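Hi,

Here is the structure I promised to pass on.

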Amino acid sequence: MQEGKLIVFSAPSGSGKTTIVRHLLDQKELKLDFSISAASREPRPEEKDGVDYYFLDLKEFKRRIKDEEFLEWEEVYRDNFYGTLKSEVERIWASGKNVIFDIDVVGGLDIKKIYPERTLAVFVKPPSIEELKIRLKKRKTESDERINMRVAKASIELATAPQFDHIILNNKLDEALKEAHTLVADFVSPSKDTE
Ligand code: 5GP
């Protein structure tokens, strides 16, 4: 099977990594396709099954773990399982594209461990924990309890940043987007030359 590259963007929830990943997906010359993760949580109102996530119930998620269908999986929050299906990476590689991931730090580092040479692992750092809290509140998608849970987790996640290939500080979004674009373009360009 044809194998492309893997681009991992990990960050605490609310750091802006999803915005960066969406921007990169619009840059057609990078030939990126988004790895749609499986998740056991309920969809948010604007989310669509098979677009944002493959939404599975807990029982189905656990069956797939047992059947070794995941490249990596994790219980990110209690009873909220997330994971990358092997079939998803195979689907994207088969189409001649590189895979881009928007996943949590543990999953991101797992992918880097599985494919050390083919993976560019980028950590997106929020300006501060306080700013992160403000952004999560503005988003209005989460209850106060869940925001606090995410903020508490963010401090632990920040400690893993040095294990990534690169850290992007998302202070000014336009600068973060430029930096991300340069990093990814440099990483995927060798495969362009061999076409
Ligand atoms: P959310 O519920 O906000 O969509 O995502 C919660 C967290 O789960 C985020 O940090 C997100 O990056 C992470 N996540 C999403 N997909 C995956 C995945 O496939 N594997 C892992 N390990 N984490 C994921």
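Keep in mind that this is a predicted model. I started with strand E1, so here is how its side chains are arranged. Leu-6, Val-8 and Ser-10 point one way from E1, while Ile-7 and Phe-9 point the other way. Both sets are buried, and that accounts for five of the five residues in the strand.

E1 also has two pairing partners. With strand E7, which covers residues 98–102, E1 runs parallel and is joined by four bridges; Val-8 has Phe-101 as its bridge partner there.

Now for the packing. In general, nonpolar side chains tend to be buried together in soluble globular proteins. The largest nonpolar core here has 20 residues. Which of them touch the most other members? Those are Ile-7, Phe-9, Ile-20, Leu-24 and Val-184. As for where the core comes from, at least two residues each are supplied by E1 (6–10), helix H1 (17–26), strand E8 (119–125) and helix H7 (173–193). H7 gives the most, with seven residues.

There is also a second, separate core, made up of 16 residues. Leu-6, Ala-121, Phe-123 and Phe-164 are among them.

Cheers

Terms used: Residues numbered from 1 in each chain as written. Predicted model: local features only at pLDDT ≥ 70, side-chain atom pairs only at ≥ 80, totals over all residues. Heavy atoms only, no water. Core = buried A, V, L, I, M, F, W, Y, C linked by side-chain atoms within 4.5 Å. Buried < 20%, exposed > 50% of the residue type's maximum accessible area, 1.4 Å probe, protein only. Pairing = 2+ DSSP bridges.
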